[in-house]
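I opened this one to jot down how the chain is laid out. Notes below, in the order I looked things up.

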Amino acid sequence: MLSIKAPLNCRVRPQAVARAPRQAFRVVCHGHGHGGAGPAGTAVLTEKDRGFIAEMRKVAMKLHTKDQSPKEGGKDAPKPGPWTPTRTGYLRFLAESKVVYDTLETLVHTRDEYAMLRGTGLERAHGLAEDLTWFQNTYQLSPPELTEDGP
């Protein structure tokens, strides 16, 4: 049985609760104590409730790597392979950056609230267009077709 007076920032303290029919744990919740007398928010967690929570925690901890949780992690961290940049990957980066900067520059030039950003040197769309053209002429690779929701 679980009874809660204030469900804010709770943690379990494993101490036996007086006059409990079975072993239980006191959960201390840090709150303001509004709405009644007594300590600021406590809950009683019985052995049955704690068993379910402990079981869930055990399963969840098996999904963590040993880097994430050195004591309880169940998996070894995957070893990242060597990263090698590719021309097609860099071309995609340039194409996506061009879309971002085109959007940013359109907003800056069409909205008065962004007038202070005009002519500041932050404009990059023209340079990205030149980079894409150079890439296409040098390596005969055309920019990828981009979709609205990403790759």
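**Ground rules.** I'm working from a predicted model, where local features need pLDDT of at least 70, side-chain atom pairs count only at pLDDT 80 or more, and totals for chains, interfaces and linings use all residues. Residues are numbered from 1 along each chain as its sequence is written, and side-chain values use heavy atoms, with hydrogens and water left out.

**Layout.** I counted 3 helices and 4 strands in the protein chain; helices are DSSP runs of H or I with at least four residues, strands are E runs of at least two, and numbering starts at the N terminus. Reading from the N terminus, I get β-β-β-β-α-α-α.

**Whole-chain numbers.** I found that 18% of the 151 residues count as buried (under 20% relative accessible area; exposed is over 50%, partly exposed in between, with a 1.4 Å probe and protein chains only). The chain exposes about 12000 Å², and carbon and sulfur atoms supply 57% of that; the areas are Shrake-Rupley values with a 1.4 Å probe. Among contacts (heavy atoms within 4.5 Å) with a separation of 6 or more, 38% join residues 24 or more positions apart.

**Helix pair.** How do the axes of α2 and α3 cross? I looked at α2 (residues 87-110) against α3 (residues 125-139): their axes come within 9 Å and cross at roughly 155°. Axes here are lines fitted to C-alpha atoms over the stretch in contact, with angles from 0 to 180 degrees between N-to-C directions. That makes α2 roughly antiparallel to α3 (the label applies over 145 degrees). By class, the contact residues divide into 11 nonpolar, 1 polar and 5 charged; Ala, Val, Leu, Ile, Met, Phe, Trp, Tyr, Cys and Pro count as nonpolar, Asp, Glu, Lys and Arg as charged, and the others, Gly among them, as polar.

**T65.** I found T65 in the loop between α1 (47-63) and α2. Buried or exposed? T65 is buried, at a relative accessible area of 14%. Leaving out residues up to four places away in sequence, T65 touches G73, K75, D76, A77 and P78.

**Q140.** I stopped at Q140, which sits in the segment after α3. Q140 has a positive phi of about 55° and is not a glycine. Most residues other than glycine have a negative phi. Q140 is exposed, with a relative accessible area of 62%.

Methods. Parallel < 35°, antiparallel > 145°, perpendicular 65-115°, else oblique.
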